[in-house]
Amino acid sequence: MAAPCVFWGAAVSHRLFLGGRISLALRQGVWKAAAAELQVGTGILRLRHTTGVTAKKNVAALRRETYTVDFIKKQIEEFNIGKRHLANMMGEDPETFTQEDIDRAIAYLFPSGLFEKQARPIMKHPEQIFPKQRAIQWGEDGRPFHFLFYTGKQSYYSLMHEAYGKLLDVEKRQNQLQAKGLFSEKTKTKDLIGSRWLIKEELEEMLVEKLSDQDYAQFIRLLERLLTVECSAEEEEFVQRFRRSVTVQSRKQLIEPLQYDGQGMAFSTSEGKRKSAKAEAVVYEHGSGRIKVNGIDYLLYFPVTQDREQLMFPFHFLDRLGKHDVTCTVSGGGRSSQAGAIRLAMAKALCSFVTEEEVEWMRQAGLLTADPRVRERKKPGQEGARRKFTWKKR
Amino acid sequence: AMLTRTSRLVSGARRARHGEQHEGLHYNIPLQDMRTLFPHSLPPRFSMQVKTFSEACLMVRKPALELLHYLKNTNFAHPAVRYVLYGEKGTGKTLSLCHVIHFCAKQDWLILHVPDAHLWVKSCRSLLPSTYNKQRLDQPAEASIWLKNFKTTNERFLSQIKVQEKYVWNKRESTEKGSPLGEVVEQGIMRVKNATDAVGVVLRELKGQSSLGGFRLLVAVDGVNALWGKTTLKREDKSLVAPEELALVHNLRKMVKNDWHGGTIVLTLSQTGSLFKPRKAYLPQELLGKEGFDALDPFIPILVSNYSPKEFESCIQYYLENSWLQHEKAHTEEGKKELLFLSNANPGQLERLCAHL
């Protein structure tokens, strides 16, 4: 995956900075590499395939590239100046120019047709672009600053040390209270819902240090143990630093408004797509379970039982098999994708007749998600999308 | 006995009295009758069901009841009335026809049943130029099969009816005037080359004699739209054969014309075996074409539609009683609703679905 390309304008000349790894295509005369220290080796690095999550957080790979603190400070200044220039260019107020505005402005000024979102031009604060680095950890005489330096994972062990210290404090306090007889049972479980522990990658990023799975597990166990005993406000705050909130519903489903036709019967319309078939369904509130597709009865339009089972799925799931009348139009695709498109359209239309909870159940059953599968492209040198030509030994 | 959903009306006399209150109930046809009336002429899925359940049960439905009502009130002095059963695929036209045939057989009519006219216009192995008329073509195989079935169905009439003319088959054989019709049939079965002509003779005799009133004639043809459609048969020189050029088709067309009296004609349209017709066509206009429609005009159309809710319930009960539905959800309400949705109350589809359960 290509590294993100970062732009910021400075008066007349444009300077392109190639952060992280150098990508192949941008070695043209217009773009000058910013500083010699950023050139990694000679020539072009082979692109390494890493997943999107860890692309910027791969701390180990950047051992060769070290950004000095001065350099980072200079980048931040340049970023701010560039932000103000951009705001002036767009005609907005430089004081109240947020990151979203920057993103919109860049997308407008440099429209890109690339499919990979991370390959498009971006302009972000240097903190988010340059991976966090550790300053030199020993002084001029060679003595390390931190007392746990020689463990290898100094920040991790210091964190464990701190947490365990807090645990011991709490237990000591509890023992004192018990001795005095003022021990009160109070358990609180409020914070656990709606939040989750940090994942290992996030912890690594926080500590700027590589961890192993066992280290991570140990740390989480310690924090959970801290939670079980009753602790004061500052310990709570300490633990909360390591929790992230989780949205209960990943996305709110759009519920179509109900419309009323001439006779006063309520109905709702919605669309659905599958592969290259598009369907639009109108579901009436009271009916006897008749379905008409393009004016033809669904039994005649879909002679195959499998397609009719697809149509049955939303109604059967909500137990409303004979209660609604549907009229739909569909075009494109084949028989199976038309059935899938109608199913999606009907499920979306049914949302307006159904309670919120049932909408959530439908979403979890996958009735409201458009199927993203499309036909994969055939590649040259292969017979199909995946099938290779027959291999002949000689 | 009529109170239960699936009642078994066993006695023969009561079978004649099917009224509207019996709609939705099943009734049993004894296997003996089955072999006489329908030798090889039931739809294949139904005959499989008969074999499985070892009993033949038909549901009494509105179109059949309507037809029976008309039949009971026909005036045999008027020219024969034509009834055309039409409907979408799988709604039960053929079985309604079978119901009517069974009824008429119990009333002692003479049954002229063509199980599927489409079989005569496609995939015929042997086509011979006709001995009677040089321009037409014979189909000895189909004709002899039909004669055998005819003989099985109408045994007792074959000795009663006497031919009106003398027919010469070839140099050595001929049938004298006044000999029983059975002889003509035997001739056709034995001498396969003359089978088609024998069929033609039989049809002509029956047509002529039914007006005399000795017996009542029921002409039942399934898939009558084959008579006016196209064929897939080719001559040796690869030229297409039109339906008129087939002797069997020609004779049958004459039979279906309403220029005789003393009986009725009941016809069924069928898209399933038809050639070159779109799948969704079911109206008489579409399936018969202009020629056929004009030839059959005037006729009484009877629409056969999907099951009503009551009939659907009754059908499911019948399957349950015969332990045909083994799925544990089949007898619950939700299971029935699912089946109703999936088959949309179409009898054919329902039968196919239940076969999987």
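1. Strand β4(B) runs parallel to strand β9 (residues 217–222) of chain B, and the two are paired over five bridges. Within β9(B), L218(B) is the bridge partner of I111(B). The model is a predicted one.

2. β4 of chain B spans residues 110–114 and is mostly covered, with five of its five residues buried. Which residues point one way from β4(B), and which the other way? L110(B), L112(B) and V114(B) point one way, while I111(B) and H113(B) point the other way. Residues on both sides are buried, so each has under 20% relative accessible area.

3. For chain B as a whole, there are 14 helices and 11 strands. Of its 357 residues, 54% are buried. Taking contacts in chain B between residues at least 6 apart in sequence, 72% join residues at least 24 apart. The accessible surface of the chain is about 16,600 Å², and carbon and sulfur atoms account for 54% of that area.

4. On chain A, M89(A), M90(A), Y108(A), L109(A) and F110(A) make a nonpolar surface patch of about 510 Å². Two elements of chain A, α1 (69–90) and α2 (99–109), each give two or more residues to this patch.

5. L109(A), one of the patch residues, lies in helix α2 of chain A. Is L109(A) buried or partly exposed? L109(A) has a relative accessible area of 36%, and is therefore partly exposed, since that class lies between the 20% limit for buried and the 50% limit for exposed. The value is also over the 30% that a residue needs to count in a patch.

Notes
Residues are numbered from 1 along each chain as its sequence is written. Chains are lettered from A and ligands numbered from 1 in the order in which they are written. This is a predicted model: local features need pLDDT of at least 70, side-chain atom pairs count only at pLDDT 80 or more; totals for chains, interfaces and linings use all residues. Side-chain values use heavy atoms; hydrogens and water are left out. Patches are made of residues with over 30% relative accessible area and no salt bridge: like charges are joined within 9 Å, nonpolar side chains (Val, Leu, Ile, Met, Phe, Trp, Tyr) within 5 Å. Accessible areas come from the Shrake-Rupley method with a 1.4 Å probe; for residues, only the protein chains shown count as cover. A salt bridge is a side-chain nitrogen of Lys or Arg within 4 Å of a carboxyl oxygen of Asp or Glu. Helices (H or I, at least four residues) and strands (E, at least two) are DSSP runs, numbered from the N terminus. Buried means under 20% relative accessible area, exposed over 50%, partly exposed in between (1.4 Å probe, protein chains only). Two strands pair if DSSP finds at least two bridges between them. Contact means heavy atoms within 4.5 Å.
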